[in-house]
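Work through the exercises below with the sequence and the model side by side, and try each task before reading its solution.

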Amino acid sequence: MSDINRSRRRQFPGTEAPADELPDLPLEPLPPEIPAHLEAKPAADAPIVLVPVGSVEEAVLERIRPTLEETFRRASTVHKPLPVPKYAFNPTRGQYHSAAILKRIETLRATEWDAAIGVVDVDLFVPEVPFIFGEADRSTRSAIISVTRLRPESGTPESKKELLLKRLVAEAIHQVGLIRGLAQCPNNRCVMFYSATVQDTDKKGASFCANCRKRLISDV
Ligand SMILES: [Zn+2]
């Protein structure tokens, strides 16, 4: 397996953690060393770039930008939309292959970025699991998240929209955290907690626990 594949950090669904208990997390090794030619940290003014892929409301991305900027103390931009990712569609599964879309996002690296987060509104999969909320690749500092499974099923149109935004913010911060070198966190109130369900995402919120915050700050 290549360095790039090994450095992918995914959020796998399917492990149910009892409420209020620290879960028995899947054992994940710390991310491997980043290849020397990619090791340099981005410039202090390199932005976080949000990349809509296919049909994603730009207004939604504009709403999550301020929280990302505040959390990571970085400017952020919204890239022009990429086309609907038909190339990634798997007709047998009726889903889209996450790695194929992530690869396309990585090729955008025309200018330096602190992190690039692709946002799609299609159901993502990797071969091993039924679906994923998102995945990140530390070596190219890029990630992808899907809106599809974060969308609330009940509530008023306004409350559904607000909850979706909260979930998106949490997932985007989680992915940038992975790109910044944080691992999944066993604290279920920490944004770096491994979400198996949207309920996990709702519970963990968008803040770092003290340990993760410390690691994050020491990295900046
Ligand atoms: Zn944590």
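**Exercise 1.** Find what share of the contacts in the chain with a separation of 6 or more comes from residues 24 or more positions apart.

Solution. Begin with the term: two residues are in contact if their C-beta atoms, placed from the backbone, lie within 7 Å. Among the contacts with a separation of 6 or more, residues 24 or more positions apart account for 69%. The model is a predicted one, in which local features need pLDDT of at least 70 and side-chain atom pairs count only at pLDDT 80 or more, while totals for chains, interfaces and linings use all residues. Residues are numbered from 1 along each chain as its sequence is written.

**Exercise 2.** Decide whether Arg-73 is buried or exposed, and where it is placed.

Solution. Arg-73 is in the loop between α2 (58-72) and β3 (76-78), where helices (H or I, at least four residues) and strands (E, at least two) are DSSP runs, numbered from the N terminus. A residue is buried if 20 or more other C-beta atoms lie within 10 Å of its own, exposed if 12 or fewer, and partly exposed in between, with C-beta atoms placed from the backbone. Arg-73 is exposed because 9 other C-beta atoms lie within 10 Å, and its phi is near 50 degrees, a positive value in a residue other than glycine.
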